[in-house]
Amino acid sequence: MPWNRDPRGCRESTHTHCTMALSCSSWLSNEGGKHVFLIFWLSINVLLFWKTFTLYYYGAQYYYLHRMLGLGLCISRASASVLNMNCSLVLLPMCRTLLAFLRGSHKFTSRKARRLLDKSKTFHITCGFTICLFSVVHVAAHMVNALNFSLCYSEDFPALNVAHYRDEDPRKILFTTLPGVTGFFMVLVLFLMCTSSSYSLRFSNYDIFWYTHNLFIVFYILLLLHVTGGMLKYQANLDQHPPGCIDPNKTLVNDFPAPEYPAEPFPEGYAEQEPGMENNSQRFCTEAPKFQSNLQETWLWVSGPLCLYCAERLYRYIRSNRPVTVISVNSHPCDVIEIRMVKENFRARPGQYIVLHCPNVSAFESHPFTLTTSPTENRGTFGIHIRVLGDWTEKFRELLLSDPNSDTEILPILQQRNYPKDDWKQYKLRRLYFIWVCREIQSFLWFADLLCILHDKLWQENRPDYLNIQLYLSRTDGIQNLNGEKYQALNSRLIIGKPRLKLLFREIAKFNRQKCVGVFCCGPNELSKELHKLSNTTSSHGTKFEYNKESFS
(Lines give C-alpha, C1' and ligand atoms only; values in the text may rest on other atoms or scores of the structure.)
Protein backbone atom coordinates (compact mmCIF):
# COMPACT_ATOMS: atom_id res chain seq x y z
CA MET A 1 0.00 0.00 0.00
CA PRO A 2 1.62 3.34 -1.01
CA TRP A 3 2.53 5.89 1.59
CA ASN A 4 0.05 8.77 1.76
CA ARG A 5 2.02 11.91 0.94
CA ASP A 6 -1.05 14.18 1.01
CA PRO A 7 -0.30 16.81 3.68
CA ARG A 8 -4.01 17.13 4.39
CA GLY A 9 -4.11 13.44 5.17
CA CYS A 10 -1.11 13.87 7.43
CA ARG A 11 -2.84 16.69 9.29
CA GLU A 12 -5.99 14.60 9.69
CA SER A 13 -3.94 11.66 10.97
CA THR A 14 -2.05 13.88 13.38
CA HIS A 15 -5.30 15.45 14.60
CA THR A 16 -6.81 12.00 15.17
CA HIS A 17 -3.80 10.86 17.16
CA CYS A 18 -3.83 14.08 19.22
CA THR A 19 -7.56 13.67 19.90
CA MET A 20 -7.10 10.07 21.01
CA ALA A 21 -4.14 11.03 23.20
CA LEU A 22 -6.10 13.86 24.80
CA SER A 23 -9.14 11.64 25.35
CA CYS A 24 -6.89 9.04 26.95
CA SER A 25 -5.31 11.75 29.10
CA SER A 26 -8.74 12.94 30.26
CA TRP A 27 -9.79 9.39 31.09
CA LEU A 28 -6.60 8.76 33.05
CA SER A 29 -7.03 12.04 34.91
CA ASN A 30 -10.60 11.18 35.93
CA GLU A 31 -10.41 7.40 36.26
CA GLY A 32 -6.75 6.40 36.46
CA GLY A 33 -6.20 6.78 40.21
CA LYS A 34 -9.47 5.04 41.05
CA HIS A 35 -8.71 2.04 38.83
CA VAL A 36 -5.11 1.74 40.01
CA PHE A 37 -6.28 1.68 43.62
CA LEU A 38 -9.02 -0.83 42.77
CA ILE A 39 -6.55 -3.15 41.05
CA PHE A 40 -4.21 -2.86 44.04
CA TRP A 41 -7.02 -3.70 46.46
CA LEU A 42 -8.19 -6.64 44.33
CA SER A 43 -4.63 -7.94 44.08
CA ILE A 44 -4.28 -7.97 47.86
CA ASN A 45 -7.58 -9.85 48.20
CA VAL A 46 -6.55 -12.45 45.63
CA LEU A 47 -3.10 -12.81 47.19
CA LEU A 48 -4.54 -13.28 50.68
CA PHE A 49 -7.06 -15.84 49.46
CA TRP A 50 -4.50 -17.84 47.49
CA LYS A 51 -1.81 -17.71 50.17
CA THR A 52 -4.19 -18.92 52.88
CA PHE A 53 -5.70 -21.56 50.62
CA THR A 54 -2.31 -23.07 49.76
CA LEU A 55 -1.23 -22.92 53.42
CA TYR A 56 -4.12 -25.11 54.51
CA TYR A 57 -3.90 -27.32 51.43
CA TYR A 58 -0.15 -28.07 51.54
CA GLY A 59 0.86 -27.07 55.07
CA ALA A 60 2.24 -30.04 57.04
CA GLN A 61 0.71 -28.73 60.26
CA TYR A 62 -2.78 -29.05 58.72
CA TYR A 63 -2.24 -32.48 57.13
CA TYR A 64 -4.67 -34.42 59.32
CA LEU A 65 -7.22 -31.62 59.54
CA HIS A 66 -7.25 -31.28 55.76
CA ARG A 67 -7.70 -35.02 55.30
CA MET A 68 -10.70 -34.81 57.61
CA LEU A 69 -12.40 -31.71 56.14
CA GLY A 70 -11.18 -31.52 52.54
CA LEU A 71 -11.54 -28.35 50.49
CA GLY A 72 -14.04 -26.94 52.96
CA LEU A 73 -11.13 -26.21 55.31
CA CYS A 74 -9.12 -24.38 52.67
CA ILE A 75 -12.03 -22.32 51.38
CA SER A 76 -13.32 -21.39 54.83
CA ARG A 77 -9.90 -20.18 55.98
CA ALA A 78 -9.10 -18.39 52.71
CA SER A 79 -12.43 -16.54 52.79
CA ALA A 80 -11.81 -15.70 56.46
CA SER A 81 -8.55 -13.96 55.50
CA VAL A 82 -10.38 -11.81 52.95
CA LEU A 83 -13.06 -11.05 55.52
CA ASN A 84 -10.46 -10.01 58.10
CA MET A 85 -8.89 -7.49 55.78
CA ASN A 86 -12.15 -6.00 54.53
CA CYS A 87 -13.66 -5.84 58.02
CA SER A 88 -10.73 -3.63 58.95
CA LEU A 89 -10.76 -1.52 55.76
CA VAL A 90 -14.51 -0.88 55.82
CA LEU A 91 -14.08 1.27 58.94
CA LEU A 92 -11.44 3.62 57.54
CA PRO A 93 -13.69 5.49 55.03
CA MET A 94 -15.97 6.34 57.95
CA CYS A 95 -13.20 8.12 59.86
CA ARG A 96 -14.29 11.56 58.66
CA THR A 97 -11.91 13.55 60.82
CA LEU A 98 -8.92 11.61 59.55
CA LEU A 99 -10.04 11.98 55.94
CA ALA A 100 -10.64 15.70 56.45
CA PHE A 101 -7.13 16.08 57.85
CA LEU A 102 -5.57 14.21 54.93
CA ARG A 103 -7.67 16.06 52.39
CA GLY A 104 -6.81 19.40 53.93
CA SER A 105 -3.09 18.75 54.23
CA HIS A 106 -1.19 20.03 51.23
CA LYS A 107 2.00 18.35 52.44
CA PHE A 108 0.59 14.81 52.51
CA THR A 109 -1.82 14.73 49.57
CA SER A 110 -1.82 15.96 46.01
CA ARG A 111 -4.87 17.16 44.09
CA LYS A 112 -5.39 13.71 42.57
CA ALA A 113 -5.07 12.07 45.98
CA ARG A 114 -7.68 14.42 47.41
CA ARG A 115 -10.03 13.56 44.57
CA LEU A 116 -9.43 9.89 45.33
CA LEU A 117 -10.33 10.50 48.99
CA ASP A 118 -13.68 11.80 47.78
CA LYS A 119 -14.39 8.22 46.66
CA SER A 120 -14.13 6.93 50.23
CA LYS A 121 -17.87 6.28 50.46
CA THR A 122 -17.70 4.18 47.28
CA PHE A 123 -14.80 2.20 48.76
CA HIS A 124 -16.82 1.68 51.95
CA ILE A 125 -19.69 0.22 49.89
CA THR A 126 -17.25 -1.96 47.92
CA CYS A 127 -15.76 -3.39 51.10
CA GLY A 128 -19.26 -3.96 52.48
CA PHE A 129 -20.29 -5.88 49.36
CA THR A 130 -17.10 -7.96 49.57
CA ILE A 131 -17.86 -8.79 53.21
CA CYS A 132 -21.35 -9.98 52.25
CA LEU A 133 -20.07 -12.06 49.33
CA PHE A 134 -17.29 -13.83 51.22
CA SER A 135 -19.53 -14.31 54.27
CA VAL A 136 -21.74 -16.48 52.07
CA VAL A 137 -18.67 -18.42 50.90
CA HIS A 138 -17.39 -18.72 54.48
CA VAL A 139 -20.73 -19.97 55.84
CA ALA A 140 -21.16 -22.50 53.02
CA ALA A 141 -17.64 -23.86 53.57
CA HIS A 142 -18.22 -24.26 57.31
CA MET A 143 -21.50 -26.09 56.69
CA VAL A 144 -19.48 -28.62 54.69
CA ASN A 145 -16.89 -28.70 57.49
CA ALA A 146 -19.58 -29.47 60.09
CA LEU A 147 -20.83 -32.36 57.95
CA ASN A 148 -17.32 -33.77 57.49
CA PHE A 149 -16.55 -33.42 61.20
CA SER A 150 -19.50 -35.72 61.78
CA LEU A 151 -18.85 -38.20 58.97
CA CYS A 152 -15.06 -38.37 59.41
CA TYR A 153 -15.04 -38.70 63.17
CA SER A 154 -12.01 -40.66 64.37
CA GLU A 155 -11.31 -41.90 67.88
CA ASP A 156 -7.57 -41.62 67.21
CA PHE A 157 -7.81 -37.80 67.08
CA PRO A 158 -10.07 -36.70 69.94
CA ALA A 159 -8.40 -33.27 70.17
CA LEU A 160 -8.88 -32.63 66.44
CA ASN A 161 -12.55 -33.56 66.32
CA VAL A 162 -15.33 -31.09 66.95
CA ALA A 163 -18.01 -33.79 66.77
CA HIS A 164 -18.44 -35.95 69.85
CA TYR A 165 -19.23 -39.12 67.94
CA ARG A 166 -19.60 -40.41 64.40
CA ASP A 167 -22.66 -39.25 62.45
CA GLU A 168 -23.51 -36.55 64.99
CA ASP A 169 -26.13 -34.13 63.68
CA PRO A 170 -24.16 -31.31 61.94
CA ARG A 171 -26.79 -28.81 63.08
CA LYS A 172 -25.78 -29.53 66.65
CA ILE A 173 -22.19 -28.60 65.79
CA LEU A 174 -23.33 -25.39 64.12
CA PHE A 175 -25.78 -24.15 66.75
CA THR A 176 -24.29 -25.32 70.07
CA THR A 177 -20.72 -24.07 69.68
CA LEU A 178 -19.50 -20.51 70.23
CA PRO A 179 -18.28 -20.04 66.63
CA GLY A 180 -21.56 -21.43 65.31
CA VAL A 181 -23.84 -19.29 67.47
CA THR A 182 -21.86 -16.06 66.97
CA GLY A 183 -21.60 -16.79 63.26
CA PHE A 184 -25.38 -17.17 63.01
CA PHE A 185 -26.03 -13.82 64.68
CA MET A 186 -23.30 -12.14 62.62
CA VAL A 187 -25.03 -13.30 59.43
CA LEU A 188 -28.33 -11.99 60.79
CA VAL A 189 -26.84 -8.57 61.61
CA LEU A 190 -25.12 -8.43 58.23
CA PHE A 191 -28.38 -9.27 56.49
CA LEU A 192 -30.20 -6.44 58.28
CA MET A 193 -27.43 -3.96 57.49
CA CYS A 194 -27.32 -4.90 53.81
CA THR A 195 -31.06 -4.96 53.16
CA SER A 196 -31.54 -1.59 54.86
CA SER A 197 -28.78 -0.01 52.75
CA SER A 198 -30.79 0.04 49.55
CA TYR A 199 -31.40 3.47 48.05
CA SER A 200 -35.19 3.12 48.12
CA LEU A 201 -35.26 2.31 51.83
CA ARG A 202 -32.75 5.01 52.74
CA PHE A 203 -34.81 7.56 50.82
CA SER A 204 -38.17 6.50 52.26
CA ASN A 205 -37.07 5.91 55.85
CA TYR A 206 -33.55 6.96 56.73
CA ASP A 207 -34.06 6.05 60.40
CA ILE A 208 -34.18 2.34 59.56
CA PHE A 209 -30.91 2.61 57.64
CA TRP A 210 -29.27 4.61 60.41
CA TYR A 211 -30.21 2.36 63.31
CA THR A 212 -29.53 -0.93 61.52
CA HIS A 213 -26.17 0.34 60.27
CA ASN A 214 -25.16 1.10 63.83
CA LEU A 215 -25.52 -2.60 64.52
CA PHE A 216 -21.93 -2.75 63.28
CA ILE A 217 -20.98 -2.44 66.97
CA VAL A 218 -22.77 -5.73 67.67
CA PHE A 219 -21.19 -7.24 64.56
CA TYR A 220 -17.63 -6.50 65.68
CA ILE A 221 -18.27 -7.74 69.22
CA LEU A 222 -19.57 -11.00 67.77
CA LEU A 223 -16.63 -11.14 65.36
CA LEU A 224 -14.09 -10.89 68.17
CA LEU A 225 -15.96 -13.59 70.11
CA HIS A 226 -16.32 -15.75 67.00
CA VAL A 227 -12.61 -16.35 66.64
CA THR A 228 -12.12 -17.47 70.26
CA GLY A 229 -13.83 -20.84 69.75
CA GLY A 230 -10.67 -22.62 68.65
CA MET A 231 -12.46 -25.24 66.54
CA LEU A 232 -9.76 -25.55 63.87
CA LYS A 233 -6.41 -26.79 65.13
CA TYR A 234 -2.94 -27.38 63.76
CA GLN A 235 -0.37 -30.04 64.62
CA ALA A 236 2.31 -28.67 66.95
CA ASN A 237 4.81 -31.60 67.08
CA LEU A 238 5.91 -32.03 63.48
CA ASP A 239 9.43 -33.14 64.44
CA GLN A 240 8.23 -35.95 66.70
CA HIS A 241 5.33 -36.88 64.46
CA PRO A 242 5.85 -36.02 60.77
CA PRO A 243 2.52 -36.24 58.92
CA GLY A 244 2.18 -39.56 57.18
CA CYS A 245 4.66 -41.35 59.48
CA ILE A 246 4.12 -44.95 60.52
CA ASP A 247 3.03 -45.79 64.03
CA PRO A 248 4.67 -49.08 65.18
CA ASN A 249 1.22 -50.33 66.14
CA LYS A 250 -0.87 -49.07 63.18
CA THR A 251 -0.80 -46.73 60.22
CA LEU A 252 -2.40 -43.37 60.87
CA VAL A 253 -2.56 -42.18 57.28
CA ASN A 254 -5.54 -44.21 56.13
CA ASP A 255 -7.66 -44.45 59.26
CA PHE A 256 -10.20 -41.84 58.14
CA PRO A 257 -13.50 -43.12 56.75
CA ALA A 258 -14.53 -41.89 53.34
CA PRO A 259 -16.34 -38.56 53.91
CA GLU A 260 -19.49 -37.40 52.21
CA TYR A 261 -17.39 -34.65 50.62
CA PRO A 262 -13.96 -36.30 50.36
CA ALA A 263 -10.79 -34.31 50.48
CA GLU A 264 -8.78 -33.75 47.36
CA PRO A 265 -6.12 -36.49 46.95
CA PHE A 266 -2.66 -35.39 48.01
CA PRO A 267 0.14 -35.65 45.47
CA GLU A 268 2.40 -38.63 45.86
CA GLY A 269 5.28 -37.88 48.17
CA TYR A 270 3.29 -35.06 49.84
CA ALA A 271 5.37 -35.20 53.00
CA GLU A 272 8.53 -34.79 50.97
CA GLN A 273 7.38 -31.31 49.95
CA GLU A 274 8.07 -29.98 53.43
CA PRO A 275 11.66 -29.16 54.40
CA GLY A 276 13.25 -31.74 56.65
CA MET A 277 10.59 -34.37 55.97
CA GLU A 278 12.22 -36.46 53.28
CA ASN A 279 11.09 -40.09 53.00
CA ASN A 280 8.45 -39.60 55.69
CA SER A 281 6.57 -42.60 54.34
CA GLN A 282 9.37 -44.76 55.75
CA ARG A 283 9.80 -42.93 59.08
CA PHE A 284 8.28 -43.98 62.38
CA CYS A 285 6.42 -41.79 64.85
CA THR A 286 8.01 -41.17 68.23
CA GLU A 287 4.75 -39.84 69.71
CA ALA A 288 1.13 -39.21 68.86
CA PRO A 289 0.20 -35.97 67.10
CA LYS A 290 -0.55 -33.00 69.34
CA PHE A 291 -2.96 -30.31 68.22
CA GLN A 292 -3.36 -26.68 69.26
CA SER A 293 -5.85 -23.98 68.33
CA ASN A 294 -4.85 -21.56 65.61
CA LEU A 295 -3.43 -18.15 66.45
CA GLN A 296 -6.32 -15.76 65.91
CA GLU A 297 -5.41 -13.11 63.36
CA THR A 298 -8.73 -11.25 63.43
CA TRP A 299 -7.64 -9.23 66.46
CA LEU A 300 -4.54 -8.08 64.61
CA TRP A 301 -6.56 -6.94 61.60
CA VAL A 302 -9.51 -5.29 63.31
CA SER A 303 -8.23 -3.82 66.58
CA GLY A 304 -6.33 -0.89 65.04
CA PRO A 305 -9.05 0.47 62.71
CA LEU A 306 -11.72 -0.23 65.32
CA CYS A 307 -9.88 1.74 68.02
CA LEU A 308 -9.22 4.55 65.54
CA TYR A 309 -12.89 4.75 64.58
CA CYS A 310 -14.05 4.68 68.21
CA ALA A 311 -11.56 7.41 69.13
CA GLU A 312 -12.81 9.55 66.26
CA ARG A 313 -16.45 9.04 67.23
CA LEU A 314 -15.56 10.13 70.76
CA TYR A 315 -13.75 13.19 69.41
CA ARG A 316 -16.72 14.13 67.25
CA TYR A 317 -19.06 13.68 70.22
CA ILE A 318 -16.95 16.01 72.36
CA ARG A 319 -16.93 18.61 69.59
CA SER A 320 -20.69 18.33 69.17
CA ASN A 321 -21.26 19.39 72.78
CA ARG A 322 -20.53 22.97 71.74
CA PRO A 323 -23.91 24.07 70.34
CA VAL A 324 -24.61 26.77 67.80
CA THR A 325 -27.21 29.51 67.91
CA VAL A 326 -29.80 29.76 65.15
CA ILE A 327 -30.09 33.42 64.13
CA SER A 328 -32.82 33.18 61.50
CA VAL A 329 -34.92 30.67 59.58
CA ASN A 330 -36.37 31.63 56.20
CA SER A 331 -38.81 29.56 54.19
CA HIS A 332 -38.25 29.45 50.41
CA PRO A 333 -40.38 28.04 47.59
CA CYS A 334 -40.30 24.34 46.75
CA ASP A 335 -39.96 23.17 50.37
CA VAL A 336 -36.59 24.76 51.06
CA ILE A 337 -35.56 26.45 54.30
CA GLU A 338 -32.55 28.70 54.82
CA ILE A 339 -30.90 28.68 58.25
CA ARG A 340 -28.44 31.28 59.49
CA MET A 341 -26.32 30.31 62.49
CA VAL A 342 -23.39 31.48 64.56
CA LYS A 343 -20.89 29.51 66.60
CA GLU A 344 -17.95 30.55 68.70
CA ASN A 345 -14.54 30.10 67.03
CA PHE A 346 -16.09 28.57 63.93
CA ARG A 347 -14.13 28.97 60.71
CA ALA A 348 -15.02 27.74 57.28
CA ARG A 349 -14.24 28.29 53.62
CA PRO A 350 -16.54 28.29 50.59
CA GLY A 351 -17.33 24.79 49.39
CA GLN A 352 -17.10 23.17 52.80
CA TYR A 353 -19.88 21.25 54.47
CA ILE A 354 -21.08 20.74 58.02
CA VAL A 355 -22.81 17.80 59.67
CA LEU A 356 -25.87 18.72 61.71
CA HIS A 357 -27.19 16.81 64.68
CA CYS A 358 -30.35 17.89 66.44
CA PRO A 359 -31.12 15.81 69.56
CA ASN A 360 -34.72 17.07 69.63
CA VAL A 361 -35.28 15.43 66.25
CA SER A 362 -33.15 12.30 66.60
CA ALA A 363 -30.79 11.21 69.35
CA PHE A 364 -28.26 9.65 66.97
CA GLU A 365 -29.09 10.70 63.42
CA SER A 366 -27.05 13.43 61.70
CA HIS A 367 -26.82 14.75 58.12
CA PRO A 368 -24.28 16.72 56.05
CA PHE A 369 -25.16 20.01 54.34
CA THR A 370 -23.07 22.25 52.12
CA LEU A 371 -22.44 25.75 53.41
CA THR A 372 -24.18 28.35 51.25
CA THR A 373 -22.92 31.27 53.35
CA SER A 374 -19.50 31.23 55.00
CA PRO A 375 -18.30 33.37 57.90
CA THR A 376 -16.00 36.28 57.10
CA GLU A 377 -13.75 38.57 59.10
CA ASN A 378 -16.58 41.06 59.58
CA ARG A 379 -19.46 38.59 59.89
CA GLY A 380 -19.50 35.45 61.99
CA THR A 381 -22.75 34.00 60.71
CA PHE A 382 -22.92 31.09 58.30
CA GLY A 383 -25.84 29.47 56.56
CA ILE A 384 -27.21 26.42 54.79
CA HIS A 385 -30.19 25.63 52.58
CA ILE A 386 -32.13 22.44 53.34
CA ARG A 387 -34.52 20.75 50.93
CA VAL A 388 -37.31 19.07 52.92
CA LEU A 389 -37.46 15.54 51.52
CA GLY A 390 -37.47 12.98 54.34
CA ASP A 391 -38.75 12.43 57.85
CA TRP A 392 -35.69 14.00 59.52
CA THR A 393 -35.92 17.26 57.54
CA GLU A 394 -39.70 17.34 58.06
CA LYS A 395 -39.35 17.14 61.83
CA PHE A 396 -36.47 19.60 61.76
CA ARG A 397 -38.51 22.19 59.86
CA GLU A 398 -41.46 21.77 62.20
CA LEU A 399 -39.20 22.26 65.19
CA LEU A 400 -37.69 25.46 63.82
CA LEU A 401 -40.81 27.09 62.39
CA SER A 402 -43.35 26.10 65.02
CA ASP A 403 -41.55 27.51 68.07
CA PRO A 404 -40.37 31.12 67.83
CA ASN A 405 -37.98 30.54 70.71
CA SER A 406 -36.32 27.52 69.10
CA ASP A 407 -33.34 29.53 67.88
CA THR A 408 -31.20 28.85 70.93
CA GLU A 409 -28.48 26.23 70.98
CA ILE A 410 -30.05 23.18 69.39
CA LEU A 411 -27.66 22.40 66.56
CA PRO A 412 -24.30 20.93 67.47
CA ILE A 413 -21.89 20.76 64.52
CA LEU A 414 -20.02 17.51 64.29
CA GLN A 415 -17.78 17.96 61.31
CA GLN A 416 -16.42 20.55 58.99
CA ARG A 417 -14.42 19.73 55.92
CA ASN A 418 -10.85 20.99 55.63
CA TYR A 419 -9.19 22.19 52.45
CA PRO A 420 -5.60 23.30 51.81
CA LYS A 421 -5.04 26.81 53.15
CA ASP A 422 -3.19 28.01 50.06
CA ASP A 423 -3.53 31.41 48.44
CA TRP A 424 -6.31 31.19 45.83
CA LYS A 425 -4.29 33.36 43.44
CA GLN A 426 -2.01 30.46 42.57
CA TYR A 427 -4.89 28.54 40.98
CA LYS A 428 -5.20 31.19 38.21
CA LEU A 429 -8.94 30.79 37.78
CA ARG A 430 -9.76 32.53 34.49
CA ARG A 431 -13.49 31.97 34.11
CA LEU A 432 -16.33 30.40 36.07
CA TYR A 433 -19.33 28.79 34.36
CA PHE A 434 -22.36 28.50 36.65
CA ILE A 435 -24.99 26.23 35.09
CA TRP A 436 -28.15 25.66 37.11
CA VAL A 437 -31.04 23.43 36.00
CA CYS A 438 -34.40 23.54 37.84
CA ARG A 439 -37.85 22.16 37.18
CA GLU A 440 -39.71 25.10 38.73
CA ILE A 441 -38.87 28.75 38.25
CA GLN A 442 -39.43 29.44 41.95
CA SER A 443 -36.38 27.32 42.74
CA PHE A 444 -34.11 30.00 41.28
CA LEU A 445 -35.25 32.35 44.04
CA TRP A 446 -33.15 30.40 46.55
CA PHE A 447 -29.99 32.17 45.38
CA ALA A 448 -31.34 34.80 42.99
CA ASP A 449 -30.39 37.72 45.22
CA LEU A 450 -26.90 36.35 45.80
CA LEU A 451 -26.32 35.81 42.08
CA CYS A 452 -27.49 39.35 41.30
CA ILE A 453 -25.17 40.82 43.91
CA LEU A 454 -22.25 38.80 42.54
CA HIS A 455 -23.09 39.83 38.97
CA ASP A 456 -23.22 43.55 39.87
CA LYS A 457 -19.97 43.30 41.81
CA LEU A 458 -18.10 41.78 38.85
CA TRP A 459 -19.45 44.44 36.52
CA GLN A 460 -18.26 47.15 38.90
CA GLU A 461 -14.81 45.53 38.95
CA ASN A 462 -14.79 45.48 35.12
CA ARG A 463 -14.78 41.66 35.03
CA PRO A 464 -18.11 40.86 33.33
CA ASP A 465 -16.75 37.76 31.58
CA TYR A 466 -15.38 36.17 34.75
CA LEU A 467 -18.75 34.62 35.69
CA ASN A 468 -20.88 33.00 32.99
CA ILE A 469 -24.36 32.31 34.42
CA GLN A 470 -26.72 29.99 32.55
CA LEU A 471 -30.11 29.14 34.09
CA TYR A 472 -32.19 26.34 32.54
CA LEU A 473 -35.88 25.82 33.29
CA SER A 474 -36.59 22.22 32.31
CA ARG A 475 -40.36 22.62 32.40
CA THR A 476 -42.73 25.57 32.64
CA ASP A 477 -46.33 26.21 33.62
CA GLY A 478 -46.51 29.47 31.70
CA ILE A 479 -44.28 31.58 33.94
CA GLN A 480 -40.95 32.03 32.19
CA ASN A 481 -39.37 34.92 34.10
CA LEU A 482 -38.45 35.87 37.64
CA ASN A 483 -40.74 38.61 38.87
CA GLY A 484 -38.97 41.82 39.79
CA GLU A 485 -36.83 44.38 38.02
CA LYS A 486 -33.81 43.44 40.16
CA TYR A 487 -33.75 40.01 38.47
CA GLN A 488 -33.38 41.44 34.98
CA ALA A 489 -29.78 40.23 34.70
CA LEU A 490 -30.88 36.66 35.53
CA ASN A 491 -33.91 36.71 33.23
CA SER A 492 -31.62 37.51 30.31
CA ARG A 493 -29.70 34.32 31.11
CA LEU A 494 -32.76 32.13 31.61
CA ILE A 495 -33.24 29.43 28.96
CA ILE A 496 -36.34 27.26 28.62
CA GLY A 497 -35.50 23.57 28.24
CA LYS A 498 -32.72 21.25 29.27
CA PRO A 499 -29.08 22.10 28.53
CA ARG A 500 -27.44 20.46 25.52
CA LEU A 501 -24.47 19.31 27.53
CA LYS A 502 -22.43 17.90 24.67
CA LEU A 503 -22.65 21.17 22.77
CA LEU A 504 -21.94 23.07 25.96
CA PHE A 505 -18.74 21.08 26.58
CA ARG A 506 -17.57 21.80 23.03
CA GLU A 507 -18.29 25.50 23.46
CA ILE A 508 -16.36 25.65 26.72
CA ALA A 509 -13.48 23.75 25.12
CA LYS A 510 -13.45 26.17 22.20
CA PHE A 511 -13.06 29.22 24.46
CA ASN A 512 -10.53 27.48 26.73
CA ARG A 513 -8.12 25.89 24.28
CA GLN A 514 -5.27 23.81 25.69
CA LYS A 515 -6.57 24.40 29.22
CA CYS A 516 -7.63 22.18 32.11
CA VAL A 517 -11.29 22.74 33.00
CA GLY A 518 -12.64 21.49 36.32
CA VAL A 519 -16.21 20.15 36.25
CA PHE A 520 -18.03 20.23 39.60
CA CYS A 521 -21.41 18.50 39.82
CA CYS A 522 -24.10 18.70 42.48
CA GLY A 523 -27.25 16.95 41.33
CA PRO A 524 -29.02 13.66 40.57
CA ASN A 525 -27.14 10.54 39.51
CA GLU A 526 -28.39 10.65 35.92
CA LEU A 527 -26.93 14.11 35.41
CA SER A 528 -23.74 13.11 37.20
CA LYS A 529 -23.22 10.09 34.96
CA GLU A 530 -23.72 12.16 31.81
CA LEU A 531 -21.28 14.84 32.93
CA HIS A 532 -18.79 12.18 33.98
CA LYS A 533 -18.98 10.53 30.57
CA LEU A 534 -18.57 13.83 28.72
CA SER A 535 -15.58 14.75 30.87
CA ASN A 536 -13.89 11.50 29.84
CA THR A 537 -14.72 11.67 26.14
CA THR A 538 -14.67 15.36 25.15
CA SER A 539 -11.30 16.05 23.56
CA SER A 540 -11.77 19.01 21.21
CA HIS A 541 -9.38 21.98 20.99
CA GLY A 542 -6.84 20.33 23.29
CA THR A 543 -8.98 20.97 26.39
CA LYS A 544 -8.98 18.48 29.25
CA PHE A 545 -11.95 18.17 31.63
CA GLU A 546 -11.48 16.93 35.20
CA TYR A 547 -14.71 15.67 36.74
CA ASN A 548 -15.60 16.21 40.41
CA LYS A 549 -18.81 15.36 42.23
CA GLU A 550 -20.01 16.76 45.52
CA SER A 551 -18.98 14.32 48.23
CA PHE A 552 -19.79 14.31 51.94
CA SER A 553 -17.17 11.67 52.80
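These legends walk through several close-up views of a predicted model. Residues are numbered from 1 along each chain as its sequence is written, and side-chain values use heavy atoms, with hydrogens and water left out. Because the model is predicted, local features need pLDDT of at least 70 and side-chain atom pairs count only at pLDDT 80 or more, while totals for chains, interfaces and linings use all residues.

**View 1. An open sheet of three strands, in the order E9-E10-E11**. Welcome to the strands. Helices (H or I, at least four residues) and strands (E, at least two) are DSSP runs, numbered from the N terminus. Two strands pair if DSSP finds at least two bridges between them. In this sheet the pairing is parallel. Strand E9 (432-438) and strand E11 (494-496) are the edge strands, each pairing on one side only. From one strand to the next, the twist averages 20°, taken between axes that are lines fitted to C-alpha atoms, with angles running from 0 to 180 degrees between N-to-C directions. Strand E10 (residues 467-473) is joined to E11 by three bridges.

**View 2. Strand E7 and its antiparallel neighbours E4 and E6**. Strands of a sheet pair through backbone hydrogen bonds, either parallel or antiparallel. Strand E4 (residues 336-342) runs antiparallel to E7, and seven bridges join the two. Here Glu338 stands opposite His385 in E7. Strand E6 (residues 367-373) also pairs with E7 in the antiparallel sense, over two bridges. Leu371 has Ile384 of E7 as its bridge partner. Six of the seven residues of strand E7 (residues 381-387) are buried, so this strand is largely enclosed by the rest of the structure. Buried means under 20% relative accessible area, exposed means over 50%, and partly exposed lies in between (1.4 Å probe, protein chains only).

**View 3. Aromatic rings in pairs and in a cluster**. Rings of Phe, Tyr and Trp (its six-membered ring) pair if their centres lie within 6.5 Å; planes under 30 degrees apart count as stacked, over 60 as edge-to-face and the rest as tilted. By this rule the count comes to 24 aromatic pairs. One of them joins Phe184 and Phe185, with ring centres 5.3 Å apart and planes at 80°, so the pair is edge-to-face. Phe184 is partly exposed, at 43% relative accessibility, and Phe185 is partly exposed too, at 40%. Phe505 and Phe545 form a tilted pair, 4.8 Å centre to centre with 45° between the planes. This pair links distant parts of the chain, 40 residues apart: Phe505 is in helix H16 (residues 501-511) and Phe545 is in strand E13 (residues 544-549). Phe505 is buried at 5% relative accessibility, and Phe545 is buried at 1%. Elsewhere, Phe49, Trp50, Phe53, Tyr57, Tyr58 and Phe134 form one aromatic cluster.

**View 4. The second largest pocket and the residues that line it**. On a 1 Å grid over the protein atoms alone, a pocket is an open set of points where a 1.4 Å probe fits, with protein on both sides within 12 Å along at least five of seven lines; lining residues have an atom within 4 Å of a point. About 1200 Å³ of space lies in this pocket, the volume being the space filled by probe spheres set on the points, which are joined across faces, edges and corners. Its lining has 47 residues, and Arg77, Ala80, His138, His142 and His226 lie nearest its centre. Elements that give two or more residues to the lining include helix H1 (7-58), helix H3 (71-89) and helix H12 (298-320). Which helix gives the most? H6 does, with nine residues.

View 5. Cys334 has its place in the loop between strand E3 (325-332) and E4, whereas Asn462 is in the loop between helix H14 (448-460) and E10. Are they buried or exposed? Cys334 is buried, with a relative accessible area of 18%, while Asn462 counts as exposed at 66%.
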